[in-house]
Amino acid sequence: MAFGRSGKKEMPGITSSSLSDIVFMLLFFFMVTTQMRETENKVQVKVPEASEVVKLERKDLSSYINIGPPIISLQAQYGNEPRIQLNDSFKSTSDIRDFIAAERESKSEADRSFMTTVIKCDENVRMGIVTDVKQELRRCSALKIMYQARKTNN
Amino acid sequence: MAKKKTPAINSSSTADIAFLLLCYFLMTTTMGSQTGLQRRLPPMPDPNQKVQDQKVNRRNIIVVKINSADRLLAGSKPMDVSELKDEIKIFLTNPANDPNLPEREDKVVEGLPTSYRGGHYAISKGVISLQNDRGTSYAAYIAVQNELVKAINELRDDASMTIYGKKFLNLSEDEQDVIKECIPQNISEAEPKDVAKK
């Protein structure tokens, strides 16, 4: 008795046409989420260039402070003086404390000492506002910072 | 005429194409990592504690000042950003044993191969103090920071070439730590109150 040949019915092949749909769904998921992660930039930031940059080690443990003039569509409302953006809104230096505390809270206890605050600052910003931010960070003892910069080759 | 059927388009490859796209997005999102200059801020001094005299010898400090017009002053002479690196390298190595430049303390460095001066290394006590004005542009500030890091990186490269015969980046992690101990990155970012006085 040959099992395979006894019946005239053939095993229908599994249709793989739906596979592409599933993968496309995954693809769209990633496309959408990666765009979301970049948070809506409300400030224009063109980071300065530097040759001795290092890579950010733990991307998941970093919090971002954006500093720069508001984007053009928001300049009518907020003017063009450099502002600080935390998460998705404009904040002042006094809000940094809460921001850092919230960021700390969201990380596991073991990772908290590795937290890095990335200062993403426009190259035309004056240092005054950056100094204020740095002072506030020192007060919150978030001492590991990184000045974001683009890599150049010279 | 009607007997010939048009063959169905084979759709099994669409999955592969979609996978390729998926991989592309996965890769680009992780690869596009941020780069920058890493720094450690000094902890905030206790307000109840009186400011102690920093016991740093004058010869061991080089003050790098950037004013609101982005002009640079290193030590006591104005200079261009491009000259800063060599100035810092001379400051940190003190090749001529100048009494006005930082002293170098011969210390036993753990992990340093004994074939190199019996495990001793003359560690420079030099500290770079970076001061900026509130009006300094961020670009100039980063440019100066970059030059300082570049000077230190080049010194570390030189040291690892003489000790291990390899570039600093090609060393193992332990060896890198040894070199880092030999040539520390002592950059102090001054208190802003010093800045306000100007």
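Which residue of S1(B) stands opposite Gln148(A)? Gly36(B) does. The legends below set this pair in its surroundings, in a predicted model.

**View 1. The two chains of the predicted model, element by element.**
Chain A has 154 residues, of which 25% count as buried. Chain B has 198 residues, with 24% counted as buried. Chain A holds 5 helices and 8 strands. Chain B also holds 5 helices and 8 strands. Read from the N terminus, the elements of chain A run α-α-β-β-β-α-β-β-α-β-α-β-β. For chain B the run is α-β-β-β-β-α-β-β-β-α-α-β-α. Contacts in chain A with a separation of 6 or more are 76% between residues 24 or more positions apart. In chain B, residues 24 or more positions apart account for 63% of the contacts with a separation of 6 or more.

**View 2. The side of chain B that touches chain A.**
Here 39 residues of chain B are in contact with 45 residues of chain A. Three elements of chain B give two or more residues each to this side: helix H1 (12–31), strand S1 (35–40) and helix H3 (138–163). H1(B) gives the most, with 10 residues. By class, this side of chain B has 18 nonpolar, 16 polar and 5 charged residues.

**View 3. Strand S1 of chain B pairs with strand S7 of chain A.**
S7(A) covers residues 144–148. S7(A) and S1(B) pair in the antiparallel sense, over 5 bridges. Follow the opposite residues along the pair. Ile145(A) stands opposite Arg39(B). Met146(A) stands opposite Gln38(B). Gln148(A) stands opposite Gly36(B), the pair from the opening question. S7(A) is mostly covered, with 4 of its 5 residues buried.

**View 4. Strand S1 of chain B also pairs with strand S2 of chain A.**
S2(A) spans residues 54–55. S2(A) and S1(B) run in the antiparallel sense, joined over 2 bridges. Look for Lys55(A), which stands opposite Thr35(B) in S1(B).

**View 5. A β-α-β unit in chain A that includes S7(A).**
The unit is made of S6(A), helix H5 (residues 127–139) of chain A and S7(A), and it is right-handed. Strand S6 of chain A covers residues 116–121. S6(A) and S7(A) run parallel, joined by 3 bridges. Val118(A) in this pairing stands opposite Met146(A) in S7(A). Met146(A) also stands opposite Gln38(B) in S1(B).

**View 6. Ile119(A) and its contacts in chain A.**
Residues up to four places away in sequence are left out here. Ile119(A) touches Ile65(A), Ile67(A), Val130(A) and Val133(A), among others. Its contacts also include Ile145(A), Met146(A), Tyr147(A) and Gln148(A). Ile145(A) is the residue that stands opposite Arg39(B) in S1(B).

**View 7. The largest nonpolar core, with members from both chains.**
How many residues are in this core? The core has 54 residues. Those that touch the most other members are Ile67(A), Ile119(A), Leu37(B), Tyr138(B), Ile142(B) and Val144(B). H3(B) gives the most to this core, with 12 residues. H3(B) is also one of the elements on the side of chain B that touches chain A.

**View 8. The open sheet of chain B.**
This sheet has 5 strands, in the order S4-S3-S2-S7-S8, with mixed pairing. Why is one side of S4(B) and of S8(B) left without a neighbour in the sheet? Strand S4 (77–79) and strand S8 (187–189) stand at the edges with a single partner strand each, so one side of each is left without a neighbour. From one strand to the next, the twist averages 25 degrees.

Ser129(B) stands opposite Ser188(B) in S8(B).

Note on methods. Residues are numbered from 1 along each chain as its sequence is written. Chains are lettered from A and ligands numbered from 1 in the order in which they are written. This is a predicted model: local features need pLDDT of at least 70, side-chain atom pairs count only at pLDDT 80 or more; totals for chains, interfaces and linings use all residues. Two residues are in contact if their C-beta atoms, placed from the backbone, lie within 7 Å. Ala, Val, Leu, Ile, Met, Phe, Trp, Tyr, Cys and Pro count as nonpolar, Asp, Glu, Lys and Arg as charged, and the others, Gly among them, as polar. Two strands pair if DSSP finds at least two bridges between them. A nonpolar core is a set of buried Ala, Val, Leu, Ile, Met, Phe, Trp, Tyr and Cys residues joined through C-beta atoms within 7 Å. A residue is buried if 20 or more other C-beta atoms lie within 10 Å of its own, exposed if 12 or fewer, and partly exposed in between; C-beta atoms are placed from the backbone. Axes are lines fitted to C-alpha atoms, for helices over the stretch in contact, and angles run from 0 to 180 degrees between N-to-C directions. A crossover is right-handed if, with the strands pointing away from the viewer, the path from the first strand over the helix to the second runs clockwise.
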